[in-house]
Amino acid sequence: MIVKRPVLKWWERLYLPVVEDGLLTTFRHLFKKKVTVQYPEERWVPPEGFRGAPVLLTGLDGREKCTSCKLCMFICPPQAIRIVAGETEHPIEKYPQEFYIDYGLCIFCGYCQEVCPCEAIWLKHEFELADFDRTNLIFGKDKLLQMGRQEPYLKGKEKPLKKG
Amino acid sequence: MQNEKPSHLKELVETREFELNMGPQHPATHGVYRAILTLDGERIQKLNSVVGYLHRGIEKWAEYRTWQQATPIFDRLDYLSAVINCHGYVGAVEKLLQVEIPKKAEYMRVICDELQRIASHLLWFGTHALDIGAMSVLFYGVREREAIIDLFEAHFGQRLLYNAYPIGGVRLDFPKGWIQACRKFLNTFNSRIDEYEALLTENRIWKQRTIGVGVISKEDAIAYGLSGPTLRGSGVYFDVRKSIPYSAYPDFDFEIPLGKNGDVYDRYLCRIREMRQSVRIINQALDGMPEGELKGKVPKIIRSPQGEVYFTVEGSKGQLGFYIVSDGKDKPFRVHIKSPSFINLQGLDVMSKNQLIADMVAIIGSIDIVLGEVDR
């Protein structure tokens, strides 16, 4: 298929009709519905499958679900997760002594959520993570667990995940 | 020749060539690209491209990651068409592993690829027009692109770099109501293009800026290895979707728009027509979507066989190829990317010969380079 070149009629060759056409299109759009979201005032709701900040989830018994198997640490492409494992008296035996996620490195690919066998890490809808200092972007275990508890739609749900 | 001096002046007036740097911080180069122009008056005699300002070592980076881990980095090649890049890499690995991909997954991939092609062309449409001087087109182009990004966000969960496909198929089925939303977008899209074309295609000013500018002949285009709309604008029938069919493309009925003269205007027309063809493909894919599995049989920890593989897809800029060498471990031994923008950039020297400096922005805009892909 060879594209056709439109041939201009004599009145189209004049300068004014062209300008008029363009102005008319712009003018018509003045009265159409606006598509811009006035961001800080107007909030935007992410769709259900949105991948935002990864957080740690708490089980129904109030303990963190993570057993520090370190699968998320190994799969993470930019290597943004660091886990130090510890032992407990609990029958699960292992728990994360330290758990860091560097949001400065995280690319929100969702691999950690995908590999986690305990469904302990989950990408919530939070996306406003900017900071003036890079060190503030490294989130520790306490903060991650706290962020996980804040999710209202996760409360009382044993399995909130859609797995790929 | 216009730029030759009259003979009686040649002995009297001494002239010399002038070197001018365009970029690396020039808004019309669409990134950090530098062109050293050798000028004779206002006409360009020679163009030297200087690339590498955005080099991130993606090919090397991939060698230190497992097969799955390396997937998201290829989104960052041509960040305006991340889905197609992902398809290229994932397809190459699947070819290496000889995985059978379910029909439904292939159809879903085609739908997302074509939507991404439209999105990429829309942004090109806006910025190319902005370079030449038509301001309002950018707003319209970005508005339509936003609708596509919203669709992708609901499906993939991200807005720009999607990490779209896992090796072996697709991650999730389309969410509830997605197909209706997609159809709604497609129904309005063709009339929207008509509206935007009314601004440019028959515009006298637009035609004066683009017709006869940046001409590259058929032979030159092939010799320089160009691909995509830049090649098809010169009238060469080559599209990976037709010539080296992959995925589910043989199932669909669509045409490849070709230009004739190989100037900026032809490349513009080709891309506009391509968007309409993409709409046709998506409509057919949505109609004929089969039921079935989403993912083929791929082990969780991939250990690939030894060997080499080359897989190409038709990216939004041209032929995007992945050449992978595997030494039988869980990581690629070497990943080479044949990126269309980098190779299309070679043709710029030929296109800009004897053109005015003012037309440079039109020519660079017409080959639609993304510097993330040029420098890798």
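Setting aside neighbours within four places in sequence, B:Tyr165 is in contact (heavy atoms within 4.5 Å) with several residues, among them B:Thr71, B:Val83, B:His87, B:Asp113, B:Phe156 and B:Arg171. The model is predicted, with local features requiring pLDDT of at least 70 and side-chain atom pairs pLDDT 80 or more, whereas totals for chains, interfaces and linings use all residues. Residues are numbered from 1 along each chain as its sequence is written, chains are lettered from A in the order in which they are written, and side-chain values use heavy atoms, without hydrogens and water.

B:Tyr165 also belongs to the largest nonpolar core, which has 86 residues. Such a core is a set of buried Ala, Val, Leu, Ile, Met, Phe, Trp, Tyr and Cys residues joined through side-chain atoms within 4.5 Å; buried means under 20% relative accessible area, with a 1.4 Å probe and protein chains only. B:Tyr165 is among the members that touch the most others, as are B:Phe74, B:Ile111 and B:Phe322. Helix 4 of chain B, residues 103-132, contributes the largest share of this core, 14 residues.

The view now widens to the whole chain. Chain B contains 15 helices and 6 strands, taken as DSSP runs (H or I, at least four residues, for helices; E, at least two, for strands) numbered from the N terminus. Of its 376 residues, 60% count as buried. Among contacts between residues at least 6 apart in sequence, 72% join residues at least 24 apart. Along its principal axes, the C-alpha trace of chain B spans about 80 × 50 × 35 Å.

Notes
Buried < 20%, exposed > 50% of the residue type's maximum accessible area, 1.4 Å probe, protein only.
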